[in-house]
Amino acid sequence: MKRIVLGATFLLSVGYVLLAQDIQDVQLADKEIIKEEPYILTPPPALTPRINGAKIIGATPGKPFMFTIATTGERPITFKAKGLPKGLTLDTKRGIITGNCNKTGRHLVPVTAKNSKGEWRDTLEIVIGGGLALTPHMGWNSWYYHQTRVTQDIMERSAKAMYDNGLINFGYTYVNIDDGWEVKANSDDPILGGAVRNPDGTIRTNKNFSDMRKMTDYIHSLGLKAGLYSSPGLTTCAGYAGSLGHEAQDVKSYCDWGFDFLKYDWCSYGSEVSKSPTLDDFKKPYLLIDSILKHAERDIILNLCQYGMGEVWKWGKSVGGHSWRTAGDIGWSTQELINAMFTACSFQETIRQYAGPDGWNDPDYLLFGKIWNWQEQRDVPSPMTPSEQYTCMTLWCMMSAPLIFSGELVSLDDFTQNILCNAEVIDINQDKLGKPGYSVYKQDFTEIWKKELHDGTTAIAIFSKSPQKAIVTVDWKAIGYEGKYGIRDLWRQKDLGSIDNVSQFEIPRHGCVLLKLRK
């Protein structure tokens with residue numbers, strides 16, 4: 001077991017940055033590591049109610065509003081809300097707020113969830129006319145498991161699984177189709193091929209999607225929201241119909257169908273610009289789709305998927321993006337996933353100043369549970385070890401990154417559900433201050449990250465890149481803490497004491513500890 005002591009001397013030295021060669025060295029040292037078995041840290045939710053997820057919600061005046069108060073606890077639960085703005089109503093049995101509000105401003109709404117075991121009181125902040133994505137998006141995307149094998153039946157079953165498995169009760173909201181719902185250009189496949197558009201120019205779905213409106217109505221009936229995918233180019237990445245030249249018609253179709261989220265993927269649009277695109281070239285398709293979305297009948301979250309080109313984090317929000325991919329696909333090669341995760345961590349920290357309420361840096365999806373190995377054409381378990389999955393979820397929460405799960409959802413195993421469904425960990429991601437975390441210590445195989453929260457508390461994450469189990473001793477004073485700070489272990493949902501008597505942590509290979517410090 002490796003022992004690491006963190007003190008002031010190290011903190012005054014030059015910060016350590018994990019480079020590609022360092023990651024390779026870790027891999028070489030890992031060759032003899034025995035396969036790690038799943039272990040569950042998170043206790044099951046209490047039977048008493050707890051309101052989870054986002055506590056601040058944005059919408060446009062005059063457009064349809066829907067928000068599910070994410071709540072764990074034994075059912076039935078009765079919900080109450082005091083002072084809802086005019087035009088909004090609460091379903092007291094299901095905890096779903098719907099309607100249409102024209103009154104701009106910030107509306108503080110006290111809410112209560114009560115069952116036979118107890119009650120939970122909280123306050124929602126409903127912001128009308130002040131942005132749509134005031135916390136990072138949470139949900140599921142079809143790509144990394146279903147890829148272009150996606151169908152309407154898969155989407156409906158996945159939405160039902162998000163509901164039945166209780167992810168909705170932790171704040172997971174969006175059920176998003178990725179590439180493969182459109183007609184495939186120049187295909188003679190009887191299911192996928194055919195005319196890509198109707199005579200009037202409206203886009204057609206392939207035969208795997210028989211009724212988009214029926215599908216979104218079903219998703220909405222569960223208290224969830226629906227998302228889909230397109231490209232500003234002539235075709236998508238997988239060769240299905242894109243939106244080039246039909247942007248306004250396509251947005252009209254998305255609204256008619258009832259969608260709430262659009263992932264807009266650069267893909268073939270690269271052939272529409274020069275080999276050396278200018279900043280204006282990068283912005284152009286997103287400015288166009290944003291101008292159309294702003295006048296659409298529905299609020300639609302816009303995710304820019306163009307892999308960080310043109311330093312999108314600097315201008316993504318100005319072209320209407322609510323989030324933007326900051327690099328390539330993290331799961332393109334499943335064997336390199338752990339490298340990509342640590343690399344994303346280091347890079348996201350350097351651009352953290354560009355992320356915040358209504359505009360988020362997006363390092364890609366959460367690849368837990370079963371994912372699809374495109375090289376071998378079969379499903380495989382996540383190549384990340386259990387400890388690495390704890391680290392990944394912790395990193396995404398500390399970075400204020402969107403929490404979009406993209407593994408198989410219908411047959412969710414207990415361990416994967418444990419990773420995805422820890423309310424106290426999710427609270428760090430969904431904190432309404434919206435300030436991404438940053439490192440306060442980097443040395444050898446250890447990093448410590450800090451994230452300020454809206455209530456004055458602080459999240460502290462300790463990460464170990466060591467190829468073996470390590471004991472990390474933290475000098476709290478050296479990283480800015482002294483006095484009576486209480487410590488809570490968020491993964492275990494357990495109070496540990498105070499920094500006066502807790503400074504040593506045993507961390508598995510590539511694992512982490514996530515703490516909350518309260519004065």
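View 1. Leu262 stands opposite Leu302 in S15. The model is a predicted one, in which local features need pLDDT of at least 70 and side-chain atom pairs count only at pLDDT 80 or more, while totals for chains, interfaces and linings use all residues. Residues are numbered from 1 along each chain as its sequence is written, and side-chain values use heavy atoms, with hydrogens and water left out. Strand S14 (residues 261-265) and strand S15 (residues 301-305) run parallel and are joined by five bridges. Strands (E, at least two residues) and helices (H or I, at least four) are DSSP runs, numbered from the N terminus; two strands pair if DSSP finds at least two bridges between them.

**View 2. Burial of S14.** Five of the five residues of S14 are buried, so the strand is largely enclosed by the rest of the structure. Buried means under 20% relative accessible area (1.4 Å probe, protein chains only). Phe261, Lys263 and Asp265 point one way from the strand, whereas Leu262 and Tyr264 point the other way.

**View 3. Strand S13 beside S14.** Strand S13 (residues 225-230) runs parallel to S14, and four bridges join the two. Within S14, Lys263 is the bridge partner of Tyr229.

**View 4. The surroundings of Cys267.** Cys267 lies in the loop between S14 and helix H7. This residue is buried, with a relative accessible area of 18%. Leaving aside residues up to four places away in sequence, Cys267 touches Tyr229, Ser231, Thr235, Thr236 and Cys237, where contact means heavy atoms within 4.5 Å.

Note on methods
Buried means under 20% relative accessible area, exposed over 50%, partly exposed in between (1.4 Å probe, protein chains only).
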